[in-house]
Amino acid sequence: MNIIYNSDQYSVVEFGAQTDHEALRFGGYEITDKSVCRECFIGGIQAETFRQDVKELISNEPSIEEIDEFLAKFDSFMGQSVLLH
């Protein structure tokens with residue numbers, strides 16, 4: 001697992017692909033919204049799509065605000081409360 005993004009608002013942790021776990025077959029990402037202490041996990045095909053979207057985003061050398069705006073699209077999926085991190 002690697003922290004691939006960390007701002008005042010969000011953090012993103014990347015989990016490597018694991019063929020013995022279907023949810024991590026393509027790797028996975030945990031996105032945390034620090035302001036509301038909520039997170040979501042993206043795995044499977046959605047992880048691959050997220051990876052491609054991030055590659056496209058960073059190719060334009062975005063600001064922290066633009067990255068946070070991109071990650072805000074996942075706020076509605078964040079139903080898991082962060083208790084310990």
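Colleague: What volume does the second largest pocket have, and how should I think about such a space?

Modeller: Rolling a probe the size of a water molecule over the atoms shows where empty space is left. In this structure, which is a predicted model, the second largest pocket has a volume of about 160 Å³.

Colleague: Which residues line the second largest pocket?

Modeller: Its lining consists of C40, F41, I42, Q46, T49, F50, D53, F74 and F77. Two elements, β4 (38-43) and α1, each give two or more residues to this lining, and the largest share, 4 residues, comes from α1. If you sort the lining of the second largest pocket by class, you find 6 nonpolar residues, 2 polar ones and 1 charged one.

Colleague: What is the volume of the largest pocket, and which residues lie nearest its centre?

Modeller: The volume of the largest pocket is about 220 Å³, and of the 14 residues that line it, I4, Y5, F50, V54 and I58 lie nearest the centre. The elements that give two or more residues to this lining are β1 (2-6), β2 (10-15), α1 and α2 (64-72), and α1 gives the most, with 6 residues. By class, the lining of the largest pocket holds 11 nonpolar and 3 charged residues, and no polar ones.

Colleague: Which residues have the most contacts inside the largest nonpolar core?

Modeller: The general idea comes first: in soluble globular proteins, nonpolar side chains tend to be buried together. Here the largest nonpolar core has 15 residues, and those with the most contacts inside it are V12, I31, F50, L71 and F74. At least two residues of this core come from each of β2, β3 (28-33), β4, α1 and α2. To follow one member, take I31, which, leaving aside residues up to four places away in sequence, touches Y10, S11, V12, R38, E39, C40, I42, F50, L71, F74 and M78.

Colleague: How many helices and strands are there, and in what pattern do they follow one another?

Modeller: The protein has 2 helices and 5 strands, and reading along the sequence gives the pattern β-β-β-β-α-α-β. Of the 85 residues, 36% are buried. Among contacts between residues at least 6 apart in sequence, 40% join residues at least 24 apart.

Colleague: Is R51 buried or exposed, and what does its side chain contact?

Modeller: R51 is found in helix α1 (residues 44-59). Buried means under 20% relative accessible area, so R51, with a relative accessibility of 18%, counts as buried. The side chain of R51 also makes a polar contact, at 2.6 Å, with the side chain of E48.

Colleague: Which residues other than glycine have a positive phi, and where are they?

Modeller: As a general rule, most residues other than glycine have a negative phi, and with that in mind you can look at two cases here. C37, which is not a glycine, has a positive phi of about 55 degrees, and its place is in the loop between β3 and β4. E61, in the loop between α1 and α2, also has a positive phi, near 50 degrees.

Colleague: How exposed are C37 and E61?

Modeller: Exposed means over 50% relative accessible area, and partly exposed lies between that value and the 20% limit for buried residues. C37 has a relative accessible area of 41%, so C37 is partly exposed. E61, by contrast, has a relative accessible area of 71% and is therefore exposed.

Methods:
Residues are numbered from 1 along each chain as its sequence is written. This is a predicted model: local features need pLDDT of at least 70, side-chain atom pairs count only at pLDDT 80 or more; totals for chains, interfaces and linings use all residues. Side-chain values use heavy atoms; hydrogens and water are left out. Buried means under 20% relative accessible area, exposed over 50%, partly exposed in between (1.4 Å probe, protein chains only). A polar contact is a pair of N or O atoms within 3.5 Å; within protein, one must be able to donate a hydrogen and the other to accept it, and residues adjacent in sequence count only if both atoms are side-chain atoms. On a 1 Å grid over the protein atoms alone, a cavity is a set of points where a 1.4 Å probe fits but cannot get out, and a pocket is an open set with protein on both sides within 12 Å along at least five of seven lines; lining residues have an atom within 4 Å of a point. Grid points are joined across faces, edges and corners, and a volume is the space filled by probe spheres set on the points. Ala, Val, Leu, Ile, Met, Phe, Trp, Tyr, Cys and Pro count as nonpolar, Asp, Glu, Lys and Arg as charged, and the others, Gly among them, as polar. A nonpolar core is a set of buried Ala, Val, Leu, Ile, Met, Phe, Trp, Tyr and Cys residues joined through side-chain atoms within 4.5 Å. Contact means heavy atoms within 4.5 Å.
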